[in-house]
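Visitor: I have a chain open on my screen and would like to talk through how it is put together. Can we go through it piece by piece?

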Amino acid sequence: MSTGISIIKLFGSILLLLNIFFISPDNTALAKKSAAAHPYIVVIDPGHGGEDTGAVAHVGKKSVYEKELSLGIAVRLGKVLSDPRYSAPLGRPIKVIFTREKDKAVSLEERSRIAHDSKADLFVSVHLNSNSSRQAGGVETYFLNNTDEKSSDKLAEIENKTSKRHNKKASEDLILKSVEVDAAVEASRSAANFIHKSLLEEFGREQLHFKSRGVKQALLYVLLDAEVPAVLCEPLFISNPDELQFLQSGENRQKIAEGFAIGILRFLATR
Ligand SMILES: [Zn+2]
């Protein structure tokens, strides 16, 4: 009996020692260390790519594709966010992951998988708007809400076309009912508001008066599998001649990228 108690006591002491000297302090120290070094992860998703050109505009005999302009903005955005001087106020670096960095086809399922697997703090899809009316213009931002069927609208129809064409079954399978996605809706709304506002501020600073078309919710296949805050922004219209002219300048695409970046930084500061 007394031997049994001694063994139990000894075992208890060993556990206590392990707890004090190894498990607790080390884990706490490691947790603090990894939190300090742990970067924010932002997935940047340039719309379309490869044979999927997105919207097309014509300037004289030249065709201008949405896939090229969206990539031009996205690559610049990645450079800004990756700059340690830029993320310094956050106290943590930003790691940027692209769904594509060149002109290649990436299925919407693959884009969603990248967002999911990277456990991103934010997924930002960069597109450009288009309308049959050349007068239509301005900034339009969407955030993921797959919890409400009614939130599906014309953008969802247009931007989701590729996925449906390539792999209808996979798209149907992507409908998630996860708690994580539900929880991401509010964060997505917040991120969309920050990005939308900072883009308009950036244009305002340059005395450019592009219209705000608002922040809207959408059931987007491109964002459906993202259990992370997800935003799709269409900074301007490729079909509007004035806006297209603006978009064709690299310097202006840099301004748009900086507008995105400021909004993203403001959002990350709240996380
Ligand atoms: Zn698009």
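Visitor: Which strands does helix α4 lie across?
Guide: In this predicted model, helix α4, residues 108–117, lies across β1, β4, β5 and β8 (230–234), and α4 runs at about 170° to β1.

Visitor: And in what order do the strands of the sheet come?
Guide: The sheet is open and has six strands in the order β4-β1-β5-β8-β6-β7, with mixed pairing. Strands β4 (94–98) and β7 (212–218) stand at the edges, and because each has a single partner strand, one side of each is left without a neighbour in the sheet. From one strand to the next, the twist averages 20°.

Visitor: How many bridges join β1 to β5, and do they run parallel or antiparallel?
Guide: Strand β1, residues 40–46, and strand β5, residues 122–126, run parallel and are joined by five bridges. Within this pair, V42 of β1 stands opposite L122 in β5.

Visitor: Stepping back, how many helices and strands does the protein chain have?
Guide: The protein chain has nine helices and eight strands, and 42% of its 271 residues count as buried. Among contacts between residues at least 6 apart in sequence, 83% join residues at least 24 apart.

Visitor: How far apart are S249 and L69 in space?
Guide: They are 9.8 Å apart, C-alpha to C-alpha, while S249 and L69 are 180 residues apart in sequence.

Methods. Residues numbered from 1 in each chain as written. Predicted model: local features only at pLDDT ≥ 70, side-chain atom pairs only at ≥ 80, totals over all residues. Pairing = 2+ DSSP bridges. Helix = DSSP H or I, 4+ residues; strand = E, 2+ residues; numbered from the N terminus. Axes fitted to C-alpha atoms, helices over the stretch in contact; angles between N-to-C directions. Contact = placed C-beta atoms within 7 Å. Buried ≥ 20, exposed ≤ 12 C-beta atoms within 10 Å, placed from the backbone.
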